[in-house]
Amino acid sequence: MAHAHHHHAAPSVTEGRTGFRRGAAFVIGGLSSGHGVFHSIAQSFIVVLPEVRDLLLGGSVIAATSLQTTREIASGVVALPGGVLTDALRRYWGWVMAVCMAMFGVGWLLMASAGWQVPGATWVSSPSATSLNPAGYALLVIGMAVVAIAASVWHLPAMAALSSHFTHRRGSVLSLHGVGGNIGDVIGPVLTGALLAVLAWQAIITIYAAVPIFLAFLVFWAFRDIGHRAQAAVEERAVSTMQTQLAETKLLVRNPRVWGITVVAGLRGMAYIGFITVLPLYLVDELGLGSTLTEHRSFENLFIRGSLVGLLVLVGIFASPVMGYLSDRLNRKIVLIPGMLFLAVVTLLMAPLGSNLAVMTILLALLGLFLYSDQPILTAAAMDIVREGTAATTLGLLSTSRFILSAASPIIAGWLYVINYDYLFYYTGALYLVAAALLAVIRLPQAAPEPDHHDGHGHGHYDDHGHGGGHGDHGGHHDDHGHGGHDDHGHGDHGHRHH
């Protein structure tokens, strides 16, 4: 236990200088805001996808949607190894997040450069582009890969830190983190829709790219020691070597319930990414909202296009924390399954009714009720099952399988869309139904009856964890967050093998 005593001494040295950086509000607020930056710019690019398609990609729907496929593949490739490394490099989480934020800006700069109008150059985009621009497309693909890797890796230490700091309110805290992303998802598209009336798409993305590059310095200052607490908690269990990390990862990979949740998350990811990628194309092609043909490019049409993409998320900002709270208090399934069935019904209604702007607006608002609230709850459900030392690895496994399943979805959705606009909605609705059916047969841990676990005594929060009470005496280990220590789940040496 020498490690434990050593860690207790550290805060007294730095508390006066960095105490506010360790407060719950600062940690949750800061990480959620960073999450918002990633989502804001990513959703903004979806809004300008019709412009990219028509001005740079010769009107090719498949080329446009393949950019999202690039994003999914790149994210998936780094997520699992990134998760294992993130768990092993807890001390350096601050560095990892700062580098990711800077990389994110550089990636968008590369994408914007695909459309820069360089005097004398013949390969750049022009309003009269009638065929796909190979150099521009290559820059878009490379930039999107850089952006995806940065965003994917950022999420791992950020969400693992939250999961580690707030063990007994995971559903609520991860949902709040999701809300940070949701706020970005609303602001980005609405602002971008308005800016499209006065700026070219590449100018907008160039401006946006500068933001994360500057923010990288702020991220490092704010979170440079955020991983120390998680490292100390794991050191108390003598989990500090890569060999041990790989052994715990093997246990995780053998867990059938974790795999079940990852497949559900993957199907959900397929439904979401296919739908959100093609939606702006539908809004332009079917509803005429700011077509690249000049007669349709009024400020009103462009603003409505951006606002509809934002509306999808706006409702979720309010719904997501409520769903997270209910999933903590009641049961993950009680929230997730009805939500997915609701998404399926609303999406299928878009096929016969979506060509009316007023009706489509209502349907998108309804879709927003559950569209963004279930991924954090699925993540929390996986975290309920696993051990503390594999938090980021679990996130990496979830992300990798989701991205592998999702990768082809934008191209499939685009291909179906080219055949018939309505096929997009049938495809998405069917995926929700399959995900709900699969989730129904997975046995998830049930919430324990004791509602009060803020004093570090709510061990074994989910009563079929099977975790022993080996570390109960550390429950109030870091009570400045009011959530008990990282290992106050009371994970015993044998608990994980029961799964």
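Leaving aside its neighbours within four places in sequence, which residues is Trp108 in contact with? The points below start there, and please keep in mind that this is a predicted model.

1. **Contacts of Trp108.** Once the neighbours within four places in sequence are set aside, Trp108 is in contact with Ile41, Ala42, Phe45, Val147, Ile205 and Ala209. Trp108 itself sits in helix α5, which covers residues 93–113.

2. **Burial of Trp108.** The relative accessibility of Trp108 is 1%, so this residue counts as buried. Tyr208 is 100 residues away from Trp108 in sequence, yet their C-alpha atoms are 7.8 Å apart in space.

3. **Arg305 and Glu51.** Turning to charged pairs, the structure has three salt bridges. One of them joins Arg305 and Glu51, with 2.9 Å between the closest N and O atoms. Because Arg305 belongs to helix α12 (residues 299–329) and Glu51 to helix α3 (residues 49–55), the pair ties together parts 254 residues apart in sequence. Both partners are buried.

4. **Arg53 and its partners.** Arg53 forms a salt bridge with Asp54 at 3.0 Å, N to O, and both of these residues are buried. Arg53 also forms a salt bridge with Asp285, where the closest N and O atoms are 2.9 Å apart.

5. Through salt bridges with shared partners, Arg53, Asp54 and Asp285 form one network.

Key:
Residues are numbered from 1 along each chain as its sequence is written. This is a predicted model: local features need pLDDT of at least 70, side-chain atom pairs count only at pLDDT 80 or more; totals for chains, interfaces and linings use all residues. Side-chain values use heavy atoms; hydrogens and water are left out. Helices (H or I, at least four residues) and strands (E, at least two) are DSSP runs, numbered from the N terminus. Buried means under 20% relative accessible area, exposed over 50%, partly exposed in between (1.4 Å probe, protein chains only). Contact means heavy atoms within 4.5 Å. A salt bridge is a side-chain nitrogen of Lys or Arg within 4 Å of a carboxyl oxygen of Asp or Glu.
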